[in-house]
Amino acid sequence: MNLQEIVTAEFEKRFGTTPAHIACAPGRVNLLGEHVDYNDGFVLPAAINLATWIAFTASGTDTSTLYAFDLQDETVFNRQSILSKTDIDGKPLSEWARYPAGMAWALQEKGLAVKGMKAVFSSDVPRGASLSSSASVEMTFGTAWKQLGGWSIDPMQLALIGQRAENRYVGMNCGIMDQFASACGKKDRLMLLDCRSLEYRTLPLPPDVSIVIADTTVRRTLVSSAYNKRRESCEEAVRLLKQKIPSLNSLRDISVNDFETFADILPEETAMRARHVVNEIERTSKAIPLLESGDIVAFGKLMNECHASLRDLYGVSGPELDLMARLAQPIKGCYGARQTGGGFAGCTVNLVKKDMTEEFSKTLASQYEKETNLHPAVYICEASEGARVLI
Ligand code: GAF
């Protein structure tokens, strides 16, 4: 059974009736522009063919009964209880329930009607693997509440509401990239977003190239506090550099050359973090014409440079991610390999010559397994449509 069938069958079992609607929203993989979205930079993600699926019907009240099929756990909350992050019995919401509740809270705050629903949801986006499982849950629920409320919204606005839910309700100071890719993704296209203006356009990937995601299977805890710390370092760098360049509002506003002129006013670690960001923004700008002209060899080199920078300057890699990227880069047919998303653990993204993808995946998996005794999951990924209602 696929996920649509699973959530439908479970809904029928639990609620004794067929669900009125089905919706889904994908995870994402990012090709370039890592840890720059909260620095006003450019990002280049794609929505992927792994997604969260929901079967749902209006409850007729303001109470929502949500069943997380993958965790076999139910929560019941309403308009009032989510204000104190509790369920209707006053118990603190479990970790997973904060994402739909946060979405409901942020929609309410915008004055959008959040009708109670009965729902079952399930996802094949691996959790904690840097593929935006959280954003895909947020965008799935946002899309479901849009359907029930009968209001319409631009997908970018829905993404911004999801980001607010995650920043203010869940407590993760993420940028806009993940929710953007999940809400706005397009089939077979890479999504280029200017995180300052929020303007975006799509770019092609040459037809003879595949995106391969390799999951180290390793997960880390306390990722959100380490992430928030990186963001604070960037803010500190802006505060200090502003003394030299008063017009500077974010790390987007300084060139690599100017940065190096003033870098010694920054504490050492702050300088390293900011150096990654400034170079990564420049790298992503350079990558755009390469993609447009189909120069995947040069694009892949930038991906490899990005990995080294995340590892050596930004400090968000991990031993298994380093190993996975190091093993992949020299394999025949691989243009570029690097960690994707927030990092510390989770997945790498690889660009691979299409007719060598299977061989590449097998070689990478067996080499990784030999060195770690871990059995990695390797996905040959298709760029997919963003959040949508199917029924
Ligand atoms: C996480 C965040 F949610 C994104 O906003 C982005 O900053 C990413 O890490 C790093 O590029 O996925």
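Author: Two strands are said to pair if DSSP finds at least two bridges between them. We shall apply this idea to the model above, which is predicted.

Reader: How many bridges join strand 10 to strand 11?

Author: Strand 10 and strand 11 (residues 347-353) are joined by five bridges, and the two strands run antiparallel.

Reader: Which strands does strand 9 pair with?

Author: Strand 9 is joined to strand 11 by seven bridges and to strand 12 by five bridges, and both pairings are antiparallel. For the pairing with strand 11, look at Val209, whose bridge partner is Lys353. For the pairing with strand 12, look at Asp215, whose bridge partner is Ala377. Strand 9 is also mostly covered, with six of its seven residues buried.

Reader: How should I picture the side chains along a strand?

Author: In a regular strand, the side chains alternate between the two faces of the sheet. Keep that idea in mind as we turn to another group of strands.

Reader: In which sense do strand 4 and strand 5 pair, parallel or antiparallel?

Author: Strand 4 (63-68) and strand 5 (73-78) pair in the antiparallel sense, over six bridges. Within this pairing, the bridge partner of Thr65 is Val76 in strand 5. Strand 4 is also joined to strand 6 (residues 117-123) by four bridges, and those two strands run parallel. There, Ala68 has Phe121 of strand 6 as its bridge partner.

Reader: What is to be noted about Gln72 in the hairpin of strand 4 and strand 5?

Author: The hairpin has four residues between its strands, and Gln72 takes a positive phi near 50° in it. The phi of Gln72 is positive although this residue is not a glycine.

Asn373 is found in the loop between helix 11 (357-372) and strand 12. With 7 C-beta neighbours inside 10 Å, Asn373 counts as exposed.

Reader: Why does Asp178 count as buried?

Author: The count that makes a residue buried is 20 or more. Asp178 has 30 C-beta neighbours inside 10 Å, so it counts as buried. Asp178 sits in helix 5, which spans residues 177-184. Leaving aside neighbours within four places in sequence, Asp178 is in contact with Arg28, Ser132 and Ala135. An unreviewed UniProt entry gives Asp178 the annotation "active site".

Reader: Which residues are around the ligand?

Author: Asp178 is one of them, and the others include Asn30, Glu34, His35, Asp37, Tyr38, Ser132 and Cys174. By class, the shell divides into three nonpolar, six polar and three charged residues.

Reader: Where is Ala183, and is it buried or exposed?

Author: Ala183 also belongs to helix 5, and with 30 C-beta neighbours inside 10 Å it counts as buried. Not counting residues up to four places away in sequence, Ala183 touches Met139, Pro155, Met156, Leu158, Ala159, Gly386 and Ala387. The C-alpha atoms of Ala183 and Leu31 are separated by 17 Å, and these two residues are 152 residues apart along the chain.

Reader: Where does the record place the "GHMP kinase N-terminal" domain?

Author: The unreviewed UniProt entry places this domain at residues 99-186. Over residues 99-186, the chain is 59% helix and 8% strand. The end C-alpha atoms of this stretch are 24 Å apart.

Methods. Residues numbered from 1 in each chain as written. Predicted model: local features only at pLDDT ≥ 70, side-chain atom pairs only at ≥ 80, totals over all residues. UniProt positions renumbered as here; feature names shortened; annotations may be inferred. Near = placed C-beta within 6 Å. Nonpolar A, V, L, I, M, F, W, Y, C, P; charged D, E, K, R; others polar. Buried ≥ 20, exposed ≤ 12 C-beta atoms within 10 Å, placed from the backbone. Contact = placed C-beta atoms within 7 Å.
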